[in-house]
Amino acid sequence: AAERTSLFIFFGGTGDLAYRKLYPSMYNLYKKGTLREHFGVLGTSREKLTDEQFRDQVRKSLGTTKTDKDAEKFISHFVYEAHDVTDKAHYQVLKTRAEELDKKYELNGNRIFYLSLAPSFFGTVAGFLKTEGLTDTKGFDRVVIEKPFGRDFDSAQQLNDALSKSFDEEQIFRIDHYLGKEMIQNIEAVRFGNTLVESLWNNRYIDNIQVTLSEKLGVEERASYYDNSGALRDMVQNHIMQIVSLLAMEQPVSFTDVDIRAEKVKALRSLRVYNVAEASTNFVRGQYGAGDSQRAYRDEDNVPHDSNNDTFVAGKLLFDNYRWSGTPFYIRTGKMLADKFTRVDVVFKKPLIDIFSFPQNHNAPLEANVLTMYIEPHAGFSLRLNAKTNGQGFQTEPINLDYFVDAKDSKATPEPYERLIHDVMKGDGTNFSSWQEVSYAWRFVDQIRKVWDLQQPQFPNYTPGSMGPASADELIQRDHRQWVYRL
Ligand code: NAD
């Protein structure tokens, strides 16, 4: 791979995300040659550490030892500075260290500021980076923002206004790690690379599309964050809206960030924003109760006993445009469900006339064709077709054409964070959320939230290991349809 040159300044450099994801992903880029000689890393956070102590943490996060020469060379590019992000004067210290690294590794003034911190600090840090001169370089300056981007439209807008004082939209990279997943990017390849698919990709041939992000675990140790967020904010506003807009968008003029974003935004603009009545019929929420060896959400550590937080959400989305009018998108996500997976099921319409099930033939009715995109854990596709059963007589049966990425290739699949960090170095915003996308998604989600805040839910309403509350099945059965994945 071509070597890329940049200084990385990680705010929250001793945090969980940096340790589990960011440093190992940087190391993978190093092993592949994207990072080589001309990069530097300045870690900062409140903890007082020496460079050596910081490097010990990085080494641990990579799982390497001091005898690994190549890893040690990589780690030698890391330095550390304790820094309180609210301490304006101290940014001069960061600036000096940044300049040292810039000179030492010949970084051309290219800087990536990675804010892996509590979101309440995003605005503060961005402001000081500019006023204290850290962005004053002859190279590029880019800022990477972790989720969540606001908790509703108003707070997201405030945050964006604060960031915009220091950075232009094309310098801001809002992470949605789902967009870094290999199979999410395959949505575009499959749609726009295949006549067979794209020519049928509309309301004449598609009956409905289903997106499921299912988690097997509960809140774990993130309860204090999660109880103020919930499934709607934590999963629907970002990941699900991103997936849905890739499925719904028109073909971009070219395969570049500007053109792809334009189409995603256009799709989101035609997503129907619900009024109160529509929001209450088209969305349902859930919270898990106790299971065999699992306590109820309300009994988890750091969760109030009367919490009405949603650990599950299912809904129906409608696009008011020529391509999708009449074809709903059903979505669902939740914790403590049957299994951990993400999939998209595209359900085609059945043939208008079924010539095989005349009375003497006793053939079962034809099934709908379904194109399933398996996003994770196993990446692949499956296409369900009707075919003739082998043997005498004439009966039909559904068969599946399957393709799965084999184990060797999936080991070589870049981690989402590896791909995303690489994209930031290239300045490619394709796999990040633009402000417009974020704002349309919040406006949609806020309407649901508003209605929920007025009503008292009947919680808990589903058992661990199920696929959510009965209301999620009723939501789709009411339309004479079924979830393709069901227990
Ligand atoms: P964390 O609590 O583990 O780490 C926070 C870091 O911020 C620490 O290094 C801490 O020292 C530093 N910090 C706190 N206050 C500071 C201050 N005043 N000045 C300087 N440094 C300060 O958090 P995390 O889990 O690594 O998450 C970081 C960001 O990533 C958050 O925005 C979070 O929402 C997001 N995120 C995390 C995960 C994850 O898996 N951990 C997943 C998705 C998004």
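**Exercise 1. Work out how α10 and α15 pack.**

Solution. Start with the axes: helix α10 (residues 230-248) and helix α15 (residues 435-454) pack at an angle of about 130 degrees, and their axes are 10 Å apart. Here axes are lines fitted to C-alpha atoms, for helices over the stretch in contact, with angles running from 0 to 180 degrees between N-to-C directions. Helices (H or I, at least four residues) and strands (E, at least two) are DSSP runs, numbered from the N terminus.

Next, name the geometry. The angle makes α10 oblique to α15; angles under 35 degrees count as roughly parallel, over 145 as roughly antiparallel, 65 to 115 as roughly perpendicular and the rest as oblique.

Then list the residues: L232, R233, V236, Q237, N238, M241 and S245 in α10 meet E437, A441, W442, V445, I448 and R449 in α15. A contact means that the C-beta atoms, placed from the backbone, lie within 7 Å. Sort these by class and you get seven nonpolar, three polar and three charged. For the sorting, Ala, Val, Leu, Ile, Met, Phe, Trp, Tyr, Cys and Pro count as nonpolar, Asp, Glu, Lys and Arg as charged, and the others, Gly among them, as polar.

A word on the model: it's predicted, so local features need pLDDT of at least 70 and side-chain atom pairs count only at pLDDT 80 or more, while totals for chains, interfaces and linings use all residues. Residues are numbered from 1 along each chain as its sequence is written.

**Exercise 2. Describe the shell around the ligand.**

Solution. Count first: 20 residues surround the ligand, and the closest are G12, G15, L17, S45 and E146. To be near, a residue needs its C-beta atom, placed from the backbone, within 6 Å. Now ask where they come from: helix α1 (residues 16-31) gives the largest share, three residues. Finally, the classes are six nonpolar, eight polar and six charged.

Technical notes: Two residues are in contact if their C-beta atoms, placed from the backbone, lie within 7 Å.
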